[in-house]
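Q: Can you walk me through the salt bridges and the packing in this one? I have the sequence and coordinates open.

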Amino acid sequence: MRDFVMTSESVTMGHPDKLCDRISDAVVDAWLASGQRAGVNAECAIASGVVFLSVRAGRPDPIDAAALARRVVAEAGYGPESEEDAMTVILELAHDPALAPERIAQAAARQMVTAFGYACDSTPTGLPAPIDAAHRIARALDAARIDGRLAWLRPDAKAQVAVRFRDRRPVAVEAVALTLGTDEEVGLATVEAAVREEAVAPALAAAGLPLSPGAEVTAFVSDETGPAAHTGLTGRKTADDGYGVFVRQSGSALSGKDPSRIDRIADYAARHAARGIVAAGLAREVEVQLSYLPGRASPYDVEVDTYGTATIPDAEIEARLVAAVDLRAEAIAERLALWDLPARHGGRFYQRLASYGQMGRDDLALPWDAPDLAGVLG
């Protein structure tokens with residue numbers, strides 16, 4: 001497939017699914033920032049006026065999980081006038097011996113998973129153009145709401161982008177569709193003009209993508225948004241977390257899992273490898289596949305697909321990757337400092353990944369986005 005149109009979507013921080021991801025990762029942040037090396041898994045569901053939060057950990061809980069959930073909801077933009085500010089938080093806190101420090105310190109993978117990482121040289125972030133543009137628009141919508149330029153915008157919004165490709169290279173945006181709500185009566189024409197000026201135009205300029213002639217920017221204004229309108233669940237927006245629908249993806253959620261979980265950190269390792277391959281000039285575009293089996297420390301299989309853009313055979317790139325980079329779970333976590341990042345960022349690291357994607361974040365210095373493997377792979 002060389003010439004085609006591909007779509008992707010991104011949602012703002014007040015979307016119920018992303019609220020749940022953020023709450024789950026806020027638990028992980030607080031847990032790790034307290035110095036814990038025991039495992040922790042957090043899952044969340046949210047509806048009108050209620051949050052259900054389940055936390056399973058290898059040691060007694062050192063945090064106030066209910067206060068944490070309420071803080072995240074408030075910071076997303078649901079202020080004192082909304083029912084979410086006084087929402088009920090239902091907790092399930094459980095001790096899981098399988099998450100004890102001595103258990104998770106074992107080098108072998110505890111889950112079976114196939115993870116995918118992608119990078120290219122056609123966007124500033126190395127992400128596929130559709131998801132890169134959608135994330136930029138979603139982030140711009142949140143920024144304009146928070147700083148008052150779009151003060152009438154509600155916290156829950158969605159940006160969808162369609163991009164035309166020629167020879168697998170992005171050339172133009174064919175359409176942008178926004179779904180959002182407003183806190184006051186604002187005419188549709190005013191909404192469309194405002195979001196185009198404050199969010200769409202600067203986001204596409206930063207992405208280096210022009211609107212094609214005749215491209216439409218359409219806004220759909222909903223009467224109800226947020227948890228009062230639709231429920232949320234941790235891990236339901238996995239395409240948003242990665243590469244949209246442009247490449248294959250694991251079925252595993254990323255949020256709410258500590259760095260001993262190979263079904264989270266293998267995605268980071270695969271992205272890190274892909275960035276290194278492109279930075280080394282070995283390919284213009286690449287997908288890295290890592291497959292792990294329970295009880296094995298290293299990946300059972302490593303595959304590289306450069307879509308015909310490589311300067312050397314794909315098999316040679318695979319061989320270099322396996323020889324030069326330690327892809328065991330313990331090694332990934334140490335190389336990327338995954339246990340230490342929350343403490344280094346004031347107890348707020350993983351929760352910042354819950355919106356606008358967990359890869360290609362040019363607003364964050366993510367270790368797995370760094371091109372530093374280029375030296376050992378080139």
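A: A salt bridge here is a side-chain nitrogen of Lys or Arg within 4 Å of a carboxyl oxygen of Asp or Glu. This is a predicted model, where local features need pLDDT of at least 70, side-chain atom pairs count only at pLDDT 80 or more, and totals for chains, interfaces and linings use all residues. Residues are numbered from 1 along each chain as its sequence is written, and side-chain values use heavy atoms, with hydrogens and water left out.

Q: How many salt bridges does the structure hold?
A: There are 31.

Q: Which side chain does Asp 362 meet in a salt bridge?
A: Arg 136, at 3.0 Å from N to O. Asp 362 is in the loop between helix H10 (341–344) and helix H11 (374–377), while Arg 136 is in helix H4 (residues 129–146), 226 residues apart. Helices (H or I, at least four residues) and strands (E, at least two) are DSSP runs, numbered from the N terminus.

Q: Is Arg 136 buried or exposed?
A: Buried, with a relative accessible area of 10%. Asp 362 is partly exposed at 46%. Buried means under 20% relative accessible area, exposed over 50%, and partly exposed in between (1.4 Å probe, protein chains only).

Q: What about Arg 271 and Asp 369, what is the distance between the closest N and O atoms?
A: They form a salt bridge at 2.8 Å. Arg 271 sits in helix H7 and Asp 369 in the loop between H10 and H11, so the pair ties together parts 98 residues apart in sequence. Both residues are buried.

Q: Switching to packing, how many residues are in the largest nonpolar core?
A: 118, and those with the most contacts inside it are Ile 137, Val 288, Leu 338 and Trp 368. Helix H7 (residues 262–279) gives the most to this core, with 10 residues. A nonpolar core is a set of buried Ala, Val, Leu, Ile, Met, Phe, Trp, Tyr and Cys residues joined through side-chain atoms within 4.5 Å.

Q: What does Ile 137 touch?
A: Not counting residues up to four places away in sequence, its contacts (heavy atoms within 4.5 Å) include Ala 159, Val 161, Val 176 and Leu 178.
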